[in-house]
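Reader: I have a model open and want to learn how to read its features. Where do we begin?

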Amino acid sequence: MWARLAAANCKLKKTARDGNMKAAVLHAFDEKLTAREFVKYEDVPDPKIKRPTDVIVRVGGAGVCRTDLHIVEGIWRSKVDVKLPYIMGHENAGWVEAVGPGVEGVKVGDSVICHPLVTSGHCLACRRGNDMHALDSSFPGINADGGYAQYLLTGQRSLIKLPKSLAPKDVAPYTDAGLTAYRAAKKASRHLLPGEYAVIIGAGGLGHIGIQVVSALCAAEIIVVDRADKSLALAKECGADHALKADGDEVEAVLALTKGKGAEAVIDFVGEGDAVAKGLAMTRNGGSRLRRKDRDSDDRHDYV
Ligand SMILES: [Zn+2]
């Protein structure tokens, strides 16, 4: 399933410029995900600078996310105002290709990672640092053309320069998968004291980042729960103190490690099935349970 999106992206090699770029374009929703290809690889006009603070980025990497599948399924139709055809891809990094006349802080050729939301910085929410709740914003790849293309239109406020040691293609997913995990892990770490316990459910795309963030931000003991041996091995590499198989007895195993009390924080990166009830059962009295936002959540995205 991922391959049907990823294969289209792999074709996006640089070609001669003629005012058109290559892009993987979504033309129709596919509720059952049965189409042979979800997106069409085709020529579309290059994005253009419209506002003084606009920046065009030559895409070096664009993550394929589960959210993309939900977009293809049409699940987000009622939440997001987007007209087809459009270009998905909300996890982007690359090199600055062109800047508007008011842009400061980045110059052509800089390698950058793109915060997913583009904001003006003028409203109260932005001024408080809560850009995700800005009055005026766009979300390339969600409600505007995104990064499954050679070029992406974004804004200077969304760009963070990359050090030379990081290639855009290696870090693009941090703009969503990384940010989401960081947000939850940061919240949990603020309350965790040395010697307390943090359970992380799921050591996949988000969870393996969450483990590293918790480990970097606090001295709690990290217990990771996952079904797959491969993910548990990765969890250990990422800094987990305990790796527990989700084989049906994971609640008991967590209680045994925490002297019957449960963990002070449980961060659930699965968010569906029995992970929800089990996560609560692993949480100590007065502890906190944090959950990634998912398809059934009514919450707005909240990354920052
Ligand atoms: Zn994503």
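Author: Begin with the centres of domain 1 and domain 2: taken over C-alpha atoms, 31 Å separate them. Domain 1 covers 2-173 and domain 2 covers 179-291. These bounds come from an automatic or database domain assignment. This is a predicted model: local features need pLDDT of at least 70, side-chain atom pairs count only at pLDDT 80 or more, and totals for chains, interfaces and linings use all residues. Residues are numbered from 1 along each chain as its sequence is written.

Reader: Which residues touch the most other members of the largest nonpolar core?

Author: The general idea first. In soluble globular proteins, nonpolar side chains tend to be buried together. A nonpolar core here is a set of buried Ala, Val, Leu, Ile, Met, Phe, Trp, Tyr and Cys residues joined through C-beta atoms within 7 Å. Buried means 20 or more other C-beta atoms within 10 Å of a residue's own; exposed means 12 or fewer; partly exposed is in between; C-beta atoms are placed from the backbone. Now the case: the largest core has 41 residues, and Ala198, Val199, Ile200, Val214, Val224 and Ile267 touch the most other members. Two or more residues each come from helix 5 (177-189), strand 11 (197-201), helix 6, strand 12, helix 7 and strand 14 (263-268). Helices (H or I, at least four residues) and strands (E, at least two) are DSSP runs, numbered from the N terminus. Helix 5 gives the most to this core, seven residues. A second, separate core has 31 residues, including Phe38, Val39, Val57 and Ala149.

Reader: Which way do the residues of strand 11 point?

Author: In a regular strand the side chains alternate between the two faces of the sheet. Tyr197, Val199 and Ile201 point one way from strand 11, Ala198 and Ile200 the other way, and all are buried. Five of the five residues are buried, so strand 11 is largely enclosed by the rest of the structure. Strand 11 pairs with strand 12 in the parallel sense over five bridges; strands pair if DSSP finds at least two bridges between them. Isoleucine 201 has valine 225 of strand 12 as its bridge partner.

Reader: What is isoleucine 200 in contact with?

Author: Contact means C-beta atoms, placed from the backbone, within 7 Å. Leaving aside neighbours within four places in sequence, isoleucine 200 is in contact with Gly207, Gly210, Ile211, Val214, Ile222, Val224, Ile267 and Phe269.

Reader: Which residues of helix 7 are buried, and where do they fall around the axis?

Author: An α-helix has 3.6 residues a turn, so residues three or four places apart point the same way. In helix 7 (residues 229-238), the buried residues are Leu232, Ala235 and Cys238. Down the axis they fall within an arc of 115°, so they line one face of the helix. The arc is that of the directions from the helix axis to the C-beta atoms. Exposed Asp229, Lys230 and Glu237 sit on the face turned away from the buried side. The buried residues pack against helix 6 (207-217), strand 12 (221-226) and strand 13 (242-245). Just after helix 7, glycine 239 takes a positive phi of about 120°.

Reader: Which residues are buried in helix 2?

Author: Thr67, Asp68, Ile71 and Val72 are buried in helix 2 (residues 66-73). They cover an arc of only 145° around the axis, which puts them on the same side of helix 2.

Reader: What is the strand order in the open sheet of five strands?

Author: The order is 9-3-5-6-10, with antiparallel pairing. Strand 9 (151-155) and strand 10 (159-161) are the edge strands, each pairing on one side only. Strand 6 (residues 111-114) and strand 10 pair over three bridges, in the antiparallel sense. Valine 112 has lysine 161 of strand 10 as its bridge partner.

Reader: Which backbone angles deserve a look?

Author: Most residues other than glycine have a negative phi, and most peptide bonds are trans. Leucine 33 has a positive phi, near 55°. Leucine 33 lies in the loop between strand 1 (20-26) and strand 2 (39-45). Leucine 33 is exposed, with 12 other C-beta atoms within 10 Å. Lysine 259 also has a positive phi, near 55°. Its place is in the loop between helix 8 (250-257) and strand 14. Lysine 259 is exposed, with 8 other C-beta atoms within 10 Å.

Reader: Where is the cis peptide bond?

Author: A cis peptide bond joins leucine 84 and proline 85, with omega about -5°. Proline 85 is in the loop between helix 2 and strand 4 (86-87).

Definitions and conventions: Two residues are in contact if their C-beta atoms, placed from the backbone, lie within 7 Å.
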